[in-house]
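Notebook open, model loaded. I want to look at how the chains meet, then check one residue away from that topic.

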Number of protein chains: 2
Amino acid sequence: VIDDAHADPTALLKPRKTEATVVISDVRGFTSWAESRDPEDVLALISRVQGELARAVMSHGGTVDKFLGDGMLAVFGAPEPLRGHAACAIAAVRDMLAAVRQLEGGKFKLGVGVCSGSLVTGCIGSGTRLEFTVVGDTVNTASRLQALTKEHGVEAIVGETTAAALPESERTSLGEATLRGKERALRIYALR
Amino acid sequence: VIDDAHADPTALLKPRKTEATVVISDVRGFTSWAESRDPEDVLALISRVQGELARAVMSHGGTVDKFLGDGMLAVFGAPEPLRGHAACAIAAVRDMLAAVRQLEGGKFKLGVGVCSGSLVTGCIGSGTRLEFTVVGDTVNTASRLQALTKEHGVEAIVGETTAAALPESERTSLGEATLRGKERALRIYALR
């Protein structure tokens, strides 16, 4: 991307539609833990979590789009195309889960939603600061799958488009989920 | 804040617990509209929405913490304390709702969750880039109230702690909501 940007500095700014895998995660139990702690401890742990998650994402070719407290939105396949983005995302999710399980003697678990599909990406901003932005149904779906992990009592839920990149031995069907605003139910899987 | 930061450049970085009002919003109908549009149009509209929302937030003393596509997280009362942060947030929400209603001939509506309470704020980052971070139950609750606007078919839901800043004529009780992980139900109100 940096090289492309040198060749054509406006290329990164151009809105485009692309295929990618979105990973959205949230640390379970963090908020209640945080309530009885000093602000210093809370921020120190958040900082550590963000570091571990970013490392997992980047080591598999992904990009952290945003951290939101103990939450994260990462993209595999944008701003640069990434061959096998679904499989890369799954590998990163496994590292993320392992990293969070080791924090504070296993006090926390991660809830993760993963969805592959089309996205619109581009940069938004005015003047001095531009921000990489991803929008699209794939992002919303990943967010809903993340929320569904609580109901199903599992760590990671993967939509059918991502599941195609997983051997059957690495997934457990959770049936179909009808997400708000969708005509068709989505087959969903827990990561095994 | 800038002045404080000049006086003591590390003051802004210190984690602290503070009382504030969190506003989380989401543009209803944006994703389905976006699916049939060119990436350029999608990004242009997101950019316009973000500009309008930021203007509403800042004109009432708030700070946009993050945009996430068509979503926004804003804080009133952090990083600087803000007297009457609940009332300021409500005034901003009214401006936000009005601004979004005028986009594209009224095609979109905003869904907004508002919650006042304690937050931990600070800056997280490594080396060259620090990011303002807010965490706490107040953020999670605002997010859940935002999601509840769909079920209740209203534009904005305000938790009981924020509702105290509203005259009774400006709110409609929606009863109590039991949010995940909470012992006590929360009284919630639609903004009238």
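This is a predicted model: local features need pLDDT of at least 70, side-chain atom pairs count only at pLDDT 80 or more; totals for chains, interfaces and linings use all residues.

I looked for salt bridges across the interface of chain A and chain B, and the rule finds zero.

Chain A and chain B bury about 2800 Å² between them, and 65% of it lies on carbon and sulfur atoms. Which three residues supply more of chain A's buried area against chain B than any other three? I found Leu43(A), Leu68(A) and Ile124(A), which together supply 20% of it.

Then the head count. The contact draws 35 residues from chain A and 35 residues from chain B.

I went on to list where chain A's side comes from. Elements that each supply at least two residues to it include strand S1 (16-28), helix H2 (30-35), strand S4 (109-126) and helix H5 (137-152). H3(A) gives the most, with seven residues. Sorting that side of chain A by class, I get 13 nonpolar, nine polar and 13 charged residues.

Last entry: Thr141(A), which I located in helix H5 of chain A. Buried or exposed? I read 5% relative accessibility for Thr141(A), and the cut-off for buried is under 20%, so Thr141(A) counts as buried. Leaving aside neighbours within four places in sequence, I see Thr141(A) in contact with Cys115(A), Leu179(A), Lys182(A) and Leu186(A).

Note on methods:
Residues are numbered from 1 along each chain as its sequence is written. Chains are lettered from A and ligands numbered from 1 in the order in which they are written. Side-chain values use heavy atoms; hydrogens and water are left out. Contact means heavy atoms within 4.5 Å. Buried area is the accessible area (1.4 Å probe) that two parts lose on being put together, summed over both. A salt bridge is a side-chain nitrogen of Lys or Arg within 4 Å of a carboxyl oxygen of Asp or Glu. Helices (H or I, at least four residues) and strands (E, at least two) are DSSP runs, numbered from the N terminus. Ala, Val, Leu, Ile, Met, Phe, Trp, Tyr, Cys and Pro count as nonpolar, Asp, Glu, Lys and Arg as charged, and the others, Gly among them, as polar. Buried means under 20% relative accessible area, exposed over 50%, partly exposed in between (1.4 Å probe, protein chains only).
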